[in-house]
Amino acid sequence: MIQTAVQNDPRERFAAAVTLHRHAMYRAARALLDSDADAEDAVGEAVLRAWQAFGRLRDEKAVKGWLIRITVNCAYEHRRKTARVTYTDDLEPLAGDAEDEHDSSLWDTVLRLPADYRIPTVLYYYEDMTTAEIARALGIREGTVRSRLSRARSRLRTLLKEESEYEI
């Protein structure tokens, strides 16, 4: 009986969806923005916008892609607003365990990719989204996603090879 009440309450369904996908939302925003704080701001704005539009979501099975699409849009908007700001200090990570789930040296290398390659890479490899889901979330063609993933892999190989040569 209690489970049915939760399933019928849109606030509970929304909270559960955001809780389940919060790390994916953060990583998508962080892939586009230069600091953890900016990514957290974009995710906060995305949660607010998603809540305002939650009643219009047609298929709750597609909630992950929907939340990531909103987050990506908020991150792009945040980047446009703060385009003139230059970060001079490396800030300590503020998001805690969001980055603990992956190898930090590989993550740092992924963050060095151009944004057009970075976001599909994060969504594909870190969030296990299909190329079709990524295409819908980013509003681009599926072939473009595959092309960007291929180019990103090539650049990552080059970057990782360069790093390993310096460490020897």
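Asp36 is buried, with a relative accessible area of 7%; buried means under 20% relative accessible area, exposed over 50% and partly exposed in between, using a 1.4 Å probe and protein chains only. This residue lies in helix α3. Its side chain is joined to that of Arg30 by a polar contact of 2.9 Å. A polar contact is a pair of N or O atoms within 3.5 Å; within protein, one must be able to donate a hydrogen and the other to accept it, and residues adjacent in sequence count only if both atoms are side-chain atoms.

Before going on, a word about the model. It is predicted, so local features need pLDDT of at least 70 and side-chain atom pairs count only at pLDDT 80 or more, while totals for chains, interfaces and linings use all residues. Residues are numbered from 1 along each chain as its sequence is written, and side-chain values use heavy atoms, leaving out hydrogens and water.

**The overall picture**

The protein has 8 helices and 0 strands. Helices (H or I, at least four residues) and strands (E, at least two) are DSSP runs, numbered from the N terminus. Of the 168 residues, 39% count as buried. Contact means heavy atoms within 4.5 Å. Among contacts between residues at least 6 apart in sequence, 69% join residues at least 24 apart.

**The core**

In soluble globular proteins, nonpolar side chains tend to be buried together. A nonpolar core is a set of buried Ala, Val, Leu, Ile, Met, Phe, Trp, Tyr and Cys residues joined through side-chain atoms within 4.5 Å. Here the largest such core has 45 residues, and Leu67, Ile68, Val72, Leu113, Ile119 and Leu123 touch the most other members. Two or more residues each come from α2 (10–32), α3 (36–53), α4 (63–81), α5 (104–111), α6 (115–126), α7 (131–138) and α8 (142–167). Which element gives the largest share of this core? It is α2, with 10 residues.

Thr71 is in helix α4 and Arg118 is in helix α6.

| Residue | Relative accessible area |
|---|---|
| Asp36 | 7% |
| Thr71 | 0% |
| Arg118 | 9% |

Leaving aside residues up to four places away in sequence, Thr71 touches Met25, Ala29, Val43 and Ala46. With neighbours within four places likewise set aside, Arg118 is in contact with Ala31, Leu32, Arg79, Val110, Leu111 and Leu113. A polar atom of the Arg118 side chain lies 3.0 Å from the backbone oxygen of Leu111. Arg118 and Arg148 are 30 residues apart along the chain, and their C-alpha atoms are separated by 8.7 Å. Leu113, in turn, is in contact with residues including Arg118, Ala152 and Leu159.

**A pocket to look for**

On a 1 Å grid over the protein atoms alone, a pocket is an open set of points where a 1.4 Å probe fits, with protein on both sides within 12 Å along at least five of seven lines; lining residues have an atom within 4 Å of a point. The second largest pocket has a volume of about 220 Å³. Its lining includes Lys61, Trp66, Met129 and Arg136. The largest share of that lining, 4 residues, comes from α4. By type, the lining residues divide into 4 nonpolar, 1 polar and 5 charged.

Note on methods:
Points joined across faces, edges and corners; volume = space filled by probe spheres on them. Nonpolar A, V, L, I, M, F, W, Y, C, P; charged D, E, K, R; others polar.
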